[in-house]
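These are my notebook entries on one chain. I wrote down what I looked up, entry by entry.

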Amino acid sequence: MHRRSVLAGAVAALAGCSSGDTEPPVTDTAALNAAFLDRFNAMRTDEGLEPATQSDVLTEMASAHAENMAEHDYLGHEQPDGTTIEDRFRERGLLPQCELPIPGSDRYYPGTENVAGAVASGRVTHPGTDETFWITGAASLATFIMDSWMQSPPHREVMVLPAIREIGVGVGRNGEDLFVAVEFC
């Protein structure tokens, strides 16, 4: 057996996959959207909330933002040129339909997003849990970001907004650094 095959098998086993499983690459946007949407909707069902669907417009927006973060090497909601979440939703004609009411108030979010960073094909640690996790492709990246956000009160708060009906996920890459954005409408 070649050294590369042994290493691939070890990484797959550590990720909870059998060595015969192959996972689409982390930059496969369609696979990332499908994997994240499955986990997202399972969480929403557990919370008694309506499931969401994948939106091409939100996926394009998330991809553009993730690529901007990768290109400029930052993790955040405001781009280096000052463009905000609200600006990105407005530019795509998604307001006011993507305004999401904040439960228990008369306020709303002008669309929402979560962002995260990870390392491609590498070991990462869940924030707050110290659990080691291996990113081996799109599905494991989706699992990592979903599980991490569920441990973070501000990110979880966004994902359990009752009014969410659509989402889009995008990923940007700068070397081994991954930048993920998820847009919610």
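Entry 1, the disulfide. I looked up the torsion about the S-S bond of Cys98 and Cys185: it is about -90 degrees, so the disulfide is left-handed. I take a disulfide to be a pair of cysteine sulfur atoms within 2.5 Å. By this rule I count 1 disulfide, and the S to S distance between Cys98 and Cys185 is 1.8 Å. Cys98 sits in the loop between α4 and β2, Cys185 in the segment after β8, and the pair links distant parts of the chain, 87 residues apart. I also checked burial, where buried means under 20% relative accessible area, exposed over 50%, and partly exposed in between (1.4 Å probe, protein chains only). Cys98 is buried at 1% relative accessibility, and Cys185 is buried at 9%.

The model is predicted: local features need pLDDT of at least 70 and side-chain atom pairs count only at pLDDT 80 or more, while totals for chains, interfaces and linings use all residues. Residues are numbered from 1 along each chain as its sequence is written, and side-chain values use heavy atoms, with hydrogens and water left out.

I noted 6 helices and 8 strands. Helices (H or I, at least four residues) and strands (E, at least two) are DSSP runs, numbered from the N terminus. Along the sequence the pattern reads α-α-β-α-α-β-β-β-β-β-α-α-β-β. The chain has 185 residues, of which 44% count as buried. I then turned to contacts, meaning heavy atoms within 4.5 Å. Of those between residues at least 6 apart in sequence, 64% join residues at least 24 apart.

How many aromatic pairs does the structure hold? I find 3. The rule pairs rings of Phe, Tyr and Trp (its six-membered ring) if their centres lie within 6.5 Å; planes under 30 degrees apart count as stacked, over 60 as edge-to-face and the rest as tilted. For Phe36 and Phe40 the ring centres are 5.9 Å apart and the planes are at 20 degrees, so this pair is stacked. Both lie in helix α2 (residues 29–46), 4 residues apart, and are separated by about one helical turn. Phe36 is buried, at 0% relative accessible area, and Phe40 is also listed as buried, at 0%. Phe40 forms a tilted pair with Phe184, 5.6 Å centre to centre and 40 degrees between the planes. Phe40 is in helix α2 and Phe184 in strand β8 (residues 177–184), so the pair ties together parts that are 144 residues apart in sequence. Phe184 is buried, with a relative accessible area of 0%. I note that ring pairs link Phe36, Phe40, Trp149 and Phe184 into a cluster.

Two packed helices are described by the angle between their axes and the distance between the axes. The axes of α2 and helix α5 (residues 138–150) come within 8 Å and cross at roughly 35 degrees. Axes here are lines fitted to C-alpha atoms, for helices over the stretch in contact, with angles from 0 to 180 degrees between N-to-C directions. The crossing is right-handed; a crossing is right-handed if the near helix is turned clockwise from the far one by less than a right angle, and left-handed if anticlockwise. Residues that meet here include Phe36, Phe40 and Met43 in α2, and Leu141, Ile145 and Trp149 in α5. By class, I have 14 nonpolar, 1 polar and 2 charged residues in this contact. Ala, Val, Leu, Ile, Met, Phe, Trp, Tyr, Cys and Pro count as nonpolar, Asp, Glu, Lys and Arg as charged, and the others, Gly among them, as polar.

The peptide bond from Leu95 to Pro96 is cis, with omega near 10 degrees. Pro96 lies in the loop between α4 (85–91) and β2 (99–101). Asp73, a residue other than glycine, has a positive phi near 55 degrees. I place Asp73 in the loop between α3 (56–72) and α4, and Asp73 is exposed, at 51% relative accessible area.

Ser63 is in helix α3 and is buried, at 13% relative accessible area. Leaving aside neighbours within four places in sequence, Ser63 is in contact with Thr29, Val169 and Gly170. Glu157 lies in helix α6 (residues 153–159) and counts as partly exposed at 44% relative accessibility.
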